[in-house]
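The structure is shown here.

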Amino acid sequence: MPQIKDIEEVKAFIRQTSEKSAVYVGCDSRQVRDYTVFVSVVVVHIDSCKGARIFWKVDRVRRIRSLRQRLLEEVSRAVFLALEISEVVGKRPFEVHLDINPNPQHNSSLILKEAIGYVLAQGLKPVVKPHSIAATTVADYITSKY
């Protein structure tokens with residue numbers, strides 16, 4: 001799993017895959033002491049059935065105390081990364097995975113409509129839990145290392 005040093009490396013890999021390959025972008029965060037760690041990921045699901053290559057990026061910022069602000073920042077970072085690679089995606093399936101649970105019993109549901117609207121406004125396809133594996137599984141796994 002290579003850490004993203006240059007977005008051109010991610011774009012080059014996507015270009016060399018078939019148009020059957022799906023591209024998922026997501027972000028998750030974790031509070032660690034006095035800072036917040038954000039992990040943004042690009043998952044390239046090769047031919048949508050032959051495994052995947054994962055690219056990831058870690059950012060640390062001063063601790064964000066508001067859950068709403070932190071979740072919106074996750075959405076913003078995922079959208080920004082998706083827009084950076086969108087020019088090479090072509091006709092491949094392309095989704096922005098959000099670490100948001102639509103069930104009203106979960107705190108993240110408070111920003112559901114806002115987050116989905118923001119992703120759609122950028123011309124991207126939003127996906128939420130339980131189908132948002134790039135954010136809820138891949139990025140979550142990497143954040144657990146911090």
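Two strands count as paired if DSSP finds at least two bridges between them. The model described here is predicted. In it, Ala-22 stands opposite His-45 in β2. Strands β1 (residues 22-32) and β2 (residues 35-45) run antiparallel to each other and are joined over 11 bridges.

This pair belongs to an open sheet of five strands with mixed pairing, in the order β3-β2-β1-β4-β5. Its edge strands, β3 (52-62) and β5 (126-127), each pair on one side only.

In total, the chain holds four helices and five strands. Their pattern along the sequence is α-β-β-β-α-β-α-β-α. The chain has a radius of gyration of 15 Å, close to the 15 Å from the globule rule for 146 residues, so it is as compact as a globular protein of that length. The C-alpha trace spans about 40 × 30 × 25 Å along its principal axes.

Of the contacts between residues at least 6 apart in sequence, 69% join residues at least 24 apart. The table lists further values for the chain.

| Property of the chain | Value |
|---|---|
| Buried residues | 48% of the 146 residues |
| Accessible surface | about 7700 Å² |
| Part of that surface belonging to carbon and sulfur atoms | 50% |
| Positive side chains | 22 |
| Negative side chains | 16 |

How far apart do the centres of the positive and negative sets lie? The distance between these two centres is 3 Å.

Definitions and conventions: Residues numbered from 1 in each chain as written. Predicted model: local features only at pLDDT ≥ 70, side-chain atom pairs only at ≥ 80, totals over all residues. Heavy atoms only, no water. Helix = DSSP H or I, 4+ residues; strand = E, 2+ residues; numbered from the N terminus. Rg over C-alpha atoms; globule rule 2.2 N^0.38 Å. Buried < 20%, exposed > 50% of the residue type's maximum accessible area, 1.4 Å probe, protein only. Contact = heavy atoms within 4.5 Å. Areas by Shrake-Rupley, 256 points an atom, 1.4 Å probe, with all protein chains shown as cover. Lys, Arg positive; Asp, Glu negative; His and termini not counted. Charge placed at Lys NZ, Arg CZ, Asp CG, Glu CD.
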